[in-house]
Amino acid sequence: MINPPKIAVYPGSFDPITLGHLDIINRGLKVFDRLVVAVARNSSKKGLFDIDERMELIRCACGDNDRLQVDTFEGLLVDYVRRQNAGVILRGLRAISDFEYEFQIAQMNHAVEEQIETLFMMTSAPFSYLSSSIVKEVASLGGNIETFVPAVVAKALKNKFASDDRCEGA
Ligand code: ADP
């Protein structure tokens, strides 16, 4: 019997993608045949970048790869994962502080759809304390974030905050 392809969905806000996310994506591609990076549309969370901008930044940061797809979803994650014919939800784990939240979501998703497994990858050491929020905060204060995000994201953050300044001064 031929094994079915192993497809995983890596969901998140990706507002914006950081080198921590990219590390999980690259390592995920070593384990799965196909990886879908899925940007969550969450109406209650207004991001810095809109969904299309986030997807474009992910595409630019990841480059061309037939096995990688960038998409967006709304509603129940497990429904989306099923529509993708995927069996796995991939998540990254940083400090212990991530654990409680991830544990709850993974338990709930498994209760709703037991055919879908959540797999966690430990962050690589250099990215342990890296998050999109901290990067946005530092960038908004004019700090250098180039070692934490792909070059295309550093540029986009600079533009975002530069245009904010122009608005304030107007
Ligand atoms: P969410 O709002 O769903 O947490 P994020 O974009 O913050 O969306 O994170 C998406 C996924 O990537 C989560 O599983 C998160 O734990 C993981 N992640 C974020 N930053 C890192 C990092 N520096 N190292 C490893 N995993 C990370």
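Visitor: Is Ala 154 buried or exposed, and what is its relative accessible area?

Guide: Ala 154 is buried, because its relative accessible area is 4%, and buried means under 20%. Keep in mind that this is a predicted model.

Visitor: Where is Ala 154, and which residues does it touch?

Guide: Ala 154 sits in helix 6. Leaving out residues up to four places away in sequence, it touches Ile 145, Glu 146 and Val 149. Ala 154 and Ser 13 are 141 residues apart in sequence, and their C-alpha atoms are 17 Å apart in space.

Visitor: How many residues does the largest nonpolar core have?

Guide: Start with the general idea. Nonpolar side chains tend to be buried together in soluble globular proteins. Here the largest nonpolar core has 34 residues. Ile 17, Ile 25, Leu 35 and Leu 157 have the most contacts inside it. Several elements each supply at least two residues of this core, including strand 1 (7-12), helix 1 (19-31), strand 2 (34-40) and helix 6 (151-169). Another core lies apart from it, with twelve residues, among them Leu 77, Val 78, Ile 89 and Ile 116.

Visitor: Which residues is Leu 157 in contact with?

Guide: Set aside the neighbours within four places in sequence. Leu 157 is then in contact with Pro 16, Leu 48, Phe 49, Val 135, Lys 136, Ala 139 and Ile 145.

Visitor: What describes a pair of aromatic rings?

Guide: The distance of the centres and the angle of the planes describe a pair of aromatic rings. This structure holds three aromatic pairs. Take Tyr 10 and Phe 14: their ring centres are 5.1 Å apart and their planes are at 80°, so the pair is edge-to-face. Tyr 10 is buried at 5% relative accessible area, and Phe 14 is buried at 2%. Now take Phe 73 and Tyr 80. Their ring centres are 5.1 Å apart and their planes are at 25°, so this pair is stacked. Phe 73 is buried at 8%, and Tyr 80 is buried at 3%.

Visitor: How many salt bridges are there?

Guide: The count comes to ten salt bridges. To read one, look for a side-chain nitrogen of Lys or Arg within 4 Å of a carboxyl oxygen of Asp or Glu. Asp 15 and Arg 54 meet this way, at 3.5 Å from N to O. Asp 15 is in the loop between strand 1 and helix 1, and Arg 54 is in helix 2, 39 residues apart. Asp 15 and Arg 54 are buried.

Visitor: What is the distance between the closest N and O atoms of Asp 15 and Lys 136?

Guide: The closest N and O atoms of that salt bridge are 2.9 Å apart. Lys 136 lies in helix 5, so the pair ties together parts that are 121 residues apart in sequence. Asp 15, Arg 54 and Lys 136 are linked in a network of salt bridges.

Visitor: Which residue forms a salt bridge with Lys 160?

Guide: Glu 53 does, with the closest N and O atoms 3.2 Å apart. Lys 160 lies in helix 6 and Glu 53 in helix 2, so the pair ties together parts that are 107 residues apart in sequence. Lys 160 is buried at 19% relative accessible area, whereas Glu 53 is partly exposed at 30%.

Visitor: Which residues form a nonpolar patch on the surface?

Guide: Leu 76, Met 108 and Val 112 form it, with about 290 Å² of accessible area together. Val 112 is in helix 4 (residues 96-112). At 44% relative accessibility, Val 112 is partly exposed.

Note on methods. Residues are numbered from 1 along each chain as its sequence is written. This is a predicted model: local features need pLDDT of at least 70, side-chain atom pairs count only at pLDDT 80 or more; totals for chains, interfaces and linings use all residues. Side-chain values use heavy atoms; hydrogens and water are left out. Patches are made of residues with over 30% relative accessible area and no salt bridge: like charges are joined within 9 Å, nonpolar side chains (Val, Leu, Ile, Met, Phe, Trp, Tyr) within 5 Å. Accessible areas come from the Shrake-Rupley method with a 1.4 Å probe; for residues, only the protein chains shown count as cover. Helices (H or I, at least four residues) and strands (E, at least two) are DSSP runs, numbered from the N terminus. Buried means under 20% relative accessible area, exposed over 50%, partly exposed in between (1.4 Å probe, protein chains only). A nonpolar core is a set of buried Ala, Val, Leu, Ile, Met, Phe, Trp, Tyr and Cys residues joined through side-chain atoms within 4.5 Å. Contact means heavy atoms within 4.5 Å. Rings of Phe, Tyr and Trp (its six-membered ring) pair if their centres lie within 6.5 Å; planes under 30 degrees apart count as stacked, over 60 as edge-to-face and the rest as tilted.
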